[in-house]
Amino acid sequence: MKRPVLRSAILLSAVALTASVPAERSRDLHEIRIDVDGLSIRALCTDGRRDVILMHGGSSTADTWIPVLQRLDGEVGACAYDRRGNGQSFPGPDPRGWYEFLDEMRRIHLALGFDRGYVVSGHSLGGLYARLFTIDRPADVSGLILLDPAHENMFERIRAGMPPEEYDRWTTIQRSPNEDGIVEVELGERLRTGRLPEIPVTILTATIRQDGGGWDQRFVNEGARQVHASILRGVVAGRHIPAQRSGHEIQLDEPQLVADEILRVVRIAR
């Protein structure tokens, strides 16, 4: 079942950036293909060492990261890839458990040249996956950046701001295998009991939302703020940054903001 785009996203409070990546560059990105156990995976990469892996959201592709990759090119080595069943990576997956999914992700990262000590950034559903991967593979990840990440408690928290039919629809979606072959509600227990390692963690959250469809954005914003705050609870090197000019697709609306924060975390990780 294809996942609809989440029109709600997530808000927060903040800190000023200290690093700055130069504006968009003219260099071409490298589009490459890797074969992982018979899987054909398509990726977009910058030059240089492998510093950052970028995970796209649900029903999306690596192309949503192009504006950020262009700003990172020449500064850090980064790759975004289409998960299989998305974009130009195939074949699509059968329903599977999260442990199989994480093993596949690690094989893809290794094939792209990422071994240990790299930074992971994820948007929306990719943010939930990035968090799960970091909890389960703490030796691999040296920094984590989440853009309007999905959260296991999100829909319960914002239920008061959702039309009843929308809540029912999303509940059904989360109990069915998604395009990655994962039943998202089954990730909840692992995420609720898992602990992030002692690494720098940043959450960027959208502050501009479109009204309509019966959603009450006040409830959505506050519920999102609360679930994001819960991710950073107990994280010493954690920070929230509001994306003041962004809707849910922060990497498209404010790619410079995202690139600056990635560079800051990479510098810490190094």
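In the predicted model, Leu 204 stands opposite Ile 241, a residue of strand 8. This placement belongs to the pairing of strand 7, which covers residues 201-206, with strand 8; the two run in the parallel sense and are joined over 6 bridges. Strands of a sheet pair through backbone hydrogen bonds, in either a parallel or an antiparallel manner.

The sheet to which these strands belong is open and is formed by 8 strands in the order 1-2-4-3-5-6-7-8, with mixed pairing. Its edges are strand 1 (30-36) and strand 8 (238-243), each of which pairs on one side only. On average, and with direction ignored, neighbouring strands of this sheet are turned by 20° against each other.

Cys 45 is joined to Cys 79, with an S to S distance of 2.0 Å, and the count of disulfides in the model comes to 1. Because Cys 45 lies in strand 2 (residues 39-45) and Cys 79 in strand 4 (residues 78-81), the pair ties together parts that are 34 residues apart in sequence.

The largest nonpolar core contains 39 residues, of which Ile 53, Tyr 81, Leu 112, Val 120, Tyr 129 and Leu 144 touch the most other members. Helix 3 (residues 125-136) supplies the largest share of this core, namely 7 residues. With neighbours within four places in sequence left aside, Leu 112 is in contact with Ile 32, Ile 34, Ala 43, Arg 50, Ile 53, Cys 79 and Tyr 81. A second, separate core comprises 25 residues, including Leu 44, Ala 62, Ile 241 and Ala 259.

Ala 259, a member of the second core, is one of the buried residues of helix 9. This helix is mostly covered, with 11 of its 15 residues buried. Among the buried residues are Pro 255, Leu 257 and Val 258, as well as the charged residues Asp 260, Glu 261 and Arg 264. Helix 9 extends over residues 255-269; at 1.5 Å a residue its 15 residues should span 21 Å, and the end C-alpha atoms are 21 Å apart, which agrees.

Technical notes. Residues are numbered from 1 along each chain as its sequence is written. This is a predicted model: local features need pLDDT of at least 70, side-chain atom pairs count only at pLDDT 80 or more; totals for chains, interfaces and linings use all residues. Side-chain values use heavy atoms; hydrogens and water are left out. Two strands pair if DSSP finds at least two bridges between them. Helices (H or I, at least four residues) and strands (E, at least two) are DSSP runs, numbered from the N terminus. Axes are lines fitted to C-alpha atoms, for helices over the stretch in contact, and angles run from 0 to 180 degrees between N-to-C directions. A nonpolar core is a set of buried Ala, Val, Leu, Ile, Met, Phe, Trp, Tyr and Cys residues joined through side-chain atoms within 4.5 Å. Buried means under 20% relative accessible area, exposed over 50%, partly exposed in between (1.4 Å probe, protein chains only). Contact means heavy atoms within 4.5 Å. The expected span of a helix is 1.5 Å times one less than its number of residues. A disulfide is a pair of cysteine sulfur atoms within 2.5 Å.
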